[in-house]
Amino acid sequence: MTELYIQTPQIDSLPLSKILGIPVYLKMEALQPSGSFKNRGVGHMCVHYAEQGTRCFVSSSGGNAGLAVAYAGRKLGIPVKVVVPSTTPSLAKEKIAAEGAEVIVHGQAWDDAHILAKKLASENHAAYIPPFDHPLIWAGNSTIVYEIFGSGIKPDAILLSVGGGGLLCGVLQGLHAVGWDDVTVITAETEGAASFAASMFADKLVTLDKIDTIATTLGAKRVAEEAFLWTKKHPIIPQIVTDRTAVNACCKFADDHRVLVEPACGASLALAYQGLPVLKTYQSLLIIVCGGSGVNREMLKHWDETIQ
Ligand code: PLV
């Protein structure tokens, strides 16, 4: 079967290893063709539906999932509509449009865009490609773990960002498939989008009233139920960072590793740059550098100068 993602490099981070005093590895998902891990899960789902003869894809997205659907549509020769909320940066919308997809702006948060996209998909007899809540998305995202497994390095813990939990579900599925069910997963969210941490603390699925963060691509008011169910079956430590520390981490990471990432990814990196004590208790750490295309030097500079 055709796949629309690449195997990404796994590199050592000397700066982060020094901060934490343990080996720190980076899985460089920022290098995927659309700039984030979304090519894996979303790409897998698009290929699946293309093989079934789908003639149109409709997606809802904070930006990156939509960009991965738009990329898939161009590669597969299938037209794409992407519904994004008003908080999605112009840069992300421009990149989706540059792939040849139609961009529709609707609502304040991803959850609003999701409702319209589902309606458009059923009206147009199109396949709806959600950003995180589907078994095909999790299966596609689980390929990250197969690559880490293939590297021969078993990390003691894995650090990743959570929006709606599609990356988390994929990684957990992969960990259990390769027999690594003892690897702790640490999740990162920003304060204004911490729906996963809220659900873990409340021990039930929580829906946030609003999303209030610079990391708009983490902005799902409620995580997938599957993500919550995993909290009963696997050691997971939820962590929350401020927008400010996420932006600091993006700046530091660009200097250290010469790669621009969104604050959504900076959230994970921030925990490591802060030297979070719990991270130092592991023998080794792997960070999924989830990436994101909604960032350029100008935006990062602006956030750096304006975020409190
Ligand atoms: N972003 C989704 C959901 O947005 C989207 O539509 O693009 N890191 C980056 C760079 C992301 O773009 C996302 C998800 C995540 C992390 C979190 O992934 P998830 O949703 O699978 O937990 C609202």
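## Cavity and helix packing

Modeller: The largest cavity has a volume of about 320 Å³, where a cavity is a set of points on a 1 Å grid over the protein atoms alone at which a 1.4 Å probe fits but cannot get out, and the volume is the space filled by probe spheres set on those points, joined across faces, edges and corners. This is a predicted model, in which local features need pLDDT of at least 70 and side-chain atom pairs count only at pLDDT 80 or more, while totals for chains, interfaces and linings use all residues. Residues are numbered from 1 along each chain, and side-chain values use heavy atoms, with hydrogens and water left out.

Colleague: Which residues are the closest to its centre?

Modeller: Of the 30 lining residues, those closest to the centre of the largest cavity are Phe37, Lys38, Gly163, Thr217 and Leu218; a lining residue has an atom within 4 Å of a point.

Colleague: Which helix gives the largest share of the lining?

Modeller: That is α8, with three residues, helices being DSSP runs (H or I, at least four residues) numbered from the N terminus.

Colleague: Switching topic, at what angle do α2 and α3 pack?

Modeller: Helix α2 (residues 38–51) and α3 pack at about 40° with their axes 9 Å apart, the axes being lines fitted to C-alpha atoms over the stretch in contact and angles running from 0 to 180 degrees between N-to-C directions. α2 is therefore oblique to α3, as angles under 35 degrees count as roughly parallel, over 145 as roughly antiparallel, 65 to 115 as roughly perpendicular and the rest as oblique.

Conventions. On a 1 Å grid over the protein atoms alone, a cavity is a set of points where a 1.4 Å probe fits but cannot get out, and a pocket is an open set with protein on both sides within 12 Å along at least five of seven lines; lining residues have an atom within 4 Å of a point. Helices (H or I, at least four residues) and strands (E, at least two) are DSSP runs, numbered from the N terminus.
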